Amino acid sequence: MEFTTIIGLEVHVQLLTKTKIFCGCANLFNPENPNVQTCPVCLGLPGSLPVMNRKAFRLAVKTAMALNCNITPFTKWDRKQYYYPDLPKNYQISQYDLPFSTEGWLDIETDLETGESKKVRLIRVHLEEDAGKNIHDETGRGRDSRVDLNRAGTPLLEIVSQPDMRSPREAYTFLNELKLLLTYLNVSDCNMQEGSLRCDANVNLHVHTDDGHRIATPLVEIKNLNSFRGVEQAIAYEVERQQEQWRESKLTIDDSPKQTRGWDAERGVTFGQRGKEEASDYRYFPDPDLVPVVVEESQLQELRGELCEPPADRRKRFQTAYQISSYDASVIIDQGLAFADYYESVASDSGDGKQAANWVTQDIQRELNERKLTIDQFPIRPHILSTLLQRIGSQTITVKSAREVFAELLCRADNDESLSDDLIDGIIDANGLAIVSDTGQLEETIEAVISRNEKAVAAFREGKQAAVGPMIGQIMREIKGADPKQVRQMLIDKISE
Amino acid sequence: MTASLSREDVSAVAVLARLQLSPEEVDVFTSQLGQILEYVDILNEVDTTDIEPLAHPIPVTNVFRDDIVTPSLPREAALSNAPNTDGKYFFVPQILEEQ
Amino acid sequence: MSLTDATVTTLLAKLQSGETSSTEVTEACLARIDSQDTDVGAFLHVDREGALLRATQVDEKRKNGEPIGPLAGLPVAVKDVVCTTGMPTTCASRMLETFQPPYDAGATERLLAADAVIVGKTNLDEFAMGSSNENSAYHVTRNPWDLTRSPGGSSGGSAAAVAAQMVPLSIGSDTGGSIRQPAAFCGVVGLKPTYGRVSRYGLVAYASSLDQIGPFATDVTGVATLLEVLAGYDQRDSTCIDADVPKYRETVDKPIDGLRIGVVPEHFEEGLHPDVNKAIRNALDVYKAAGASIVDIELPHSKYVVAVYYLVAPSEASGNLARYDGVHYGYRAEEAQNLIPMYSASRGQGFGDEVKRRIMLGTYALSSGYYDAYYLKALKVRRLIRQDFDTAFADVDVIASPVAPTPAFKLGELIDNPLEMYLSDIYTLGANLAGIPGISIPAGLSDDGLPIGLQLLARPFEEERLLRAARMFESATDWHTKRAVLNHD
């Protein structure tokens with residue numbers, strides 16, 4: 001008996017608009033000041049009417065295009081009716097039978113080493129309004145719940161995948177790739193702590209019995225997963241639980257309706273939630289307060305022009321175009337669009353993708369972490385770093401010297417000095433960092449050092465390799481820009497003569 | 001359609017509509033709604049094959065507003081009609097739903 | 001002629017010439033409300049101080065030669081389903097007994113921008129659901145012509161307020177005839193504009209795809225004057241149409257040469273009260289005498305309007321009224337300790353019978369398994385109804401018909417028989433389903449001395465033609481000059 005894990009995800013993403021989807025209230029995460037971003041429309045006051053935010057629709061279509069969806073030429077909004085205090089109209093304006101997009105996919109990398117990937121198909125992407133927030137009394141004393149409607153009416157994309165994922169890791173990877181894409185497109189900040197990306201997971205198993213049958217186990221929807229790690233862990237827990245349940249009960253998908261479970265991150269378990277009282281009969285119908293949208297080909301063309309290269313494509317391209325490892329490419333891409341742009345600019349200007357990768361993933365990353373900066377705020381801009389790396393490439397300075405220059409540049413920037421190519425060369429000169437390629441001068445110095453270190457020379461000749469170390473040190477002190485490798489070789493050659 | 005309406009149907013609809021009805025109201029509505037539903041069955045006479053539903057009497061498409069912030073209500077005004085608040089939040093009786 | 005007796009045109013002229021002031025006119029209206037409204041019950045709320053203050057301000061503006069609006073100083077009553085700051089907006093429901101909207105409706109803003117004086121909020125059937133005004137949670141409104149009779153509904157208060165000369169102008173809303181039928185019952189002029197002609201922003205929704213705000217006055221010119229103020233684009237209502245607003249008042253007196261009037265022969269068959277039948281036929285003769293031609297037309301699906309309407313409107317209403325749940329505003333049943341019982345008790349106690357009936361009907365029509373058979377089927381027949389009108393209007397300029405099958409019925413006569421009540425809307429519902437404009441004008445009196453209304457319908461956005469056609473009849477008759485005689489006159 002074997003099990004296959006079947007996972008489908010339903011992801012809700014808040015869009016990065018200035019205002020809410022149907023009114024001019026600010027779209028801001030602001031839990032400290034409840035009920036200050038509301039108006040008659042998002043309070044659902046009698047007589048108020050929704051008007052669609054153009055930007056929200058554009059961002060939605062842009063996202064769906066990037067997710068390879070078909071854009072529906074005629075789309076409309078429907079009322080999804082259910083009663084909840086965070087939903088002031090007691091219906092959510094959503095999309096039912098004519099969502100603005102259907103049938104897309106997202107490529108996810110399933111093997112970092114080989115770069116192997118798979119397509120996760122998407123059923124649909126639709127645009128709806130977010131609800132407000134209920135804050136329940138957790139003292140157990142049955143006190144009133146509190147309702148904050150700041151979030152009510154935030155534009156929300158619902159992205160529904162096919163059950164194409166086969167492991168908790170794949171679900172994690174899917175979310176990560178989706179988040180990257182959405183942040184690259186700048187349609188959402190995908191901040192899970194603030195709830196701008198939320199995920200529900202549908203999980204069940206296919207049991208492959210020894211006599212060759214395949215049986216599906218009951219479907220479970222895990223709700224309110226609030227971190228990618230949580231998604232992975234909750235699904236992993238669910239897989240175990242469902243396997244156990246199968247062994248005990250042999251329940252199949254036909255024996256039990258879809259169950260809703262919550263995830264308790266602290267205890268690391270999922271738990272059964274009581275379903276809504278009535279079977280969900282949302283009584284969808286077209287919202288008469290909103291009009292349909294007809295999407296013209298010209299608009300699609302325009303939006304297509306605004307799309308960026310998908311992170312997955314860029315990751316692959318970085319490997320081939322700049323000769324970097326799959327690992328480095330992933331690290332760079334994962335840091336976000338600005339970081340990837342920074343890298344790419346340095347890699348292409350300096351002509352050394354590998355060197356550039358080393359610098360951005362190590363030196364720059366470290367500085368950013370220490371200084372708590374984003375790449376956009378980092379004082380050494382790509383063209384300066386490119387120049388510095390060019391000096392390495394042209395063997396003007398060593399990598400070690402370049403780090404000195406780098407540190408000096410940061411100091412200068414901290415003192416509000418503006419950075420330039422001339423400044424780099426000035427620092428190299430002032431500190432005598434230039435590699436001395438004049439072998440005549442080098443030979444003279446080596447000979448002088450040899451004559452001052454007779455004991456060491458003798459020791460080396462007797463086979464003590466380490467004896468050259470101090471001599472190299474002396475030479476380097478005299479000629480700062482010398483290449484230690486070259487010095488070592490010349491020194492050994494000389495002694496061995 | 002034409003299925004006659006039972007008291008149980010009416011009670012089930014009342015649950016969906018979140019309307020507490022007295023037994024007398026259920027009786028009255030069962031009979032009145034039954035009559036109305038029977039009457040609207042005349043629509044079955046009409047052949048609507050290939051007829052598109054008309055949800056808006058005056059067809060308009062693509063009405064948008066620009067993404068420009070307009071002032072929100074002061075919190076006091078937002079909460080002013082609420083039956084129960086603490087001056088910051090709307091208060092509602094606890095939601096017995098989760099575990 | 002007293003100030004409350006005067007037409008809008010006369011009053012505006014007197015105000016302009018300085019013969020009277022807004023304060024005088026407003027005081028006269030308030031006095032009339034004081035003396036008559038205990039009998040009639042047209043108002044739910046009278047803003048005496050606010051109205052007088054505003055009247056003074058308008059008078060001041062006029063005196064200082066500041067630019068003033070087209071309704072400068074005229075008292076107007078507003079159906080209590082249109083949001084007004086500083087006054088309650090109850091929708092004649094217990095549910096909204098204490099509700100004070102923090103914003104003005106688009107229509108309210110336009111009234112204020114035109115320097116009208118809003119004197120108060122008028123009674124209606126709860127949430128505009130009804131044809132008799134008996135579904136108000138507060139009190140009935142009585143027909144000024146016969147206090148034992150209904151003023152019609154749901155804008156019965158607005159119609160009665162004008163008929164009883166408490167105000168020269170009022171606004172109502174019409175979802176299935178709620179302006180035209182009360183206008184007919186009360187012997188005044190009422191117009192339902194094209195869907196999208198007037199902003200619905202701030203009109204508390206009953207059935208969003210059918211609701212329109214419109215004017216009442218004692219004559220066609222008064223209605224034209226007020227429509228010109230109300231009509232126009234409002235980007236806060238996605239269904240409001242951005243189309244030019246003609247100068248209705250300037251053109252209303254121009255007769256239409258070769259006017260073609262469509263008539264549906266079936267409209268004069270069974271169920272039509274003989275007095276109404278006679279009045280409408282006489283009206284057609286008046287038109288013929290004025291040079292119009294009467295053309296028989298077909299509206300093959302008009303027999304389905306009641307069925308379609310009473311599926312579409314309640315379905316939309318069930319959604320629109322879901323928000324009244326005792327959480328963010330409105331009535332809350334305090335005894336419930338948990339959320340769901342609180343919802344159900346608040347709604348069960350806060351809504352009256354007709355509202356509950358329609359919510360139940362709509363919820364059922366949209367529920368799983370019935371959607372296609374009821375709601376979707378109704379929307380398809382709705383398209384056929386609209387197509388019928390399009391076809392008919394290829395040959396005629398306006399369509400004439402009765403407004404209601406009978407003159408005003410007795411209070412209590414139909415209240416226990418909802419289906420019977422719904423069937424009385426047969427002539428008015430089509431215009432809402434098709435989105436076209438319609439007007440009701442006084443066209444006679446029954447043997448009992450009750451007003452009878454003539455309905456004219458026109459193509460979408462042809463309110464100008466509608467008003468001119470109506471005015472042609474009005475200028476040839478004196479029905480619009482007849483006034484109800486009240487107990488305290």
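Visitor: How do you know how residues and chains are named here, and what counts?

Guide: Residues are numbered from 1 along each chain as its sequence is written, while chains are lettered from A and ligands numbered from 1 in the order in which they are written. In this predicted model local features need pLDDT of at least 70, side-chain atom pairs count only at pLDDT 80 or more, and totals for chains, interfaces and linings use all residues, with side-chain values resting on heavy atoms and leaving out hydrogens and water.

Visitor: What pLDDT does chain C average?

Guide: Chain C averages 96, where pLDDT is the predictor's confidence in each residue, from 0 to 100. In chain C, 100% of the residues score at least 70. The model scores ipTM 0.95 and pTM 0.90.

Visitor: Why is C:Asp115 called buried?

Guide: Buried means under 20% relative accessible area, exposed over 50%, and partly exposed in between, with a 1.4 Å probe and protein chains only. C:Asp115 has a relative accessible area of 5%, so C:Asp115 is buried. This residue lies in the loop between helix H4 (106-113) and E3 of chain C, helices (H or I, at least four residues) and strands (E, at least two) being DSSP runs numbered from the N terminus. C:Asp115 also has a positive phi of about 65° although it is not a glycine.

Visitor: Why is C:Phe127 called buried?

Guide: Its relative accessible area is 1%, and therefore C:Phe127 counts as buried. C:Phe127 is in the loop between E3 and H5 of chain C, and its phi is positive, about 50°, although it is not a glycine.

Visitor: Why does A:Asp334 count as partly exposed?

Guide: Its relative accessibility is 40%, so A:Asp334 counts as partly exposed. A:Asp334 is in helix H6 (residues 326-334) of chain A. A:Asp334 and A:Lys179 are 155 residues apart in sequence and 9.7 Å apart in space, C-alpha to C-alpha.

Visitor: How many residues make the contact between chain B and chain C?

Guide: Contact means heavy atoms within 4.5 Å, and here it takes 52 residues from chain B and 69 residues from chain C. About 5500 Å² is buried between these chains, with carbon and sulfur atoms giving 69%; buried area is the accessible area (1.4 Å probe) that two parts lose on being put together, summed over both. In chain B, B:Arg18, B:Leu54 and B:Asn81 lose the most area to chain C, together 13% of what that side buries.

Visitor: How many residues of chain A are in contact with chain C?

Guide: In this contact, 32 residues of chain A meet 41 residues of chain C. The area buried between chain A and chain C is about 2800 Å², of which carbon and sulfur atoms give 59%. In chain A, A:Pro46, A:Leu49 and A:Tyr83 lose the most area to chain C, together 22% of what that side buries.
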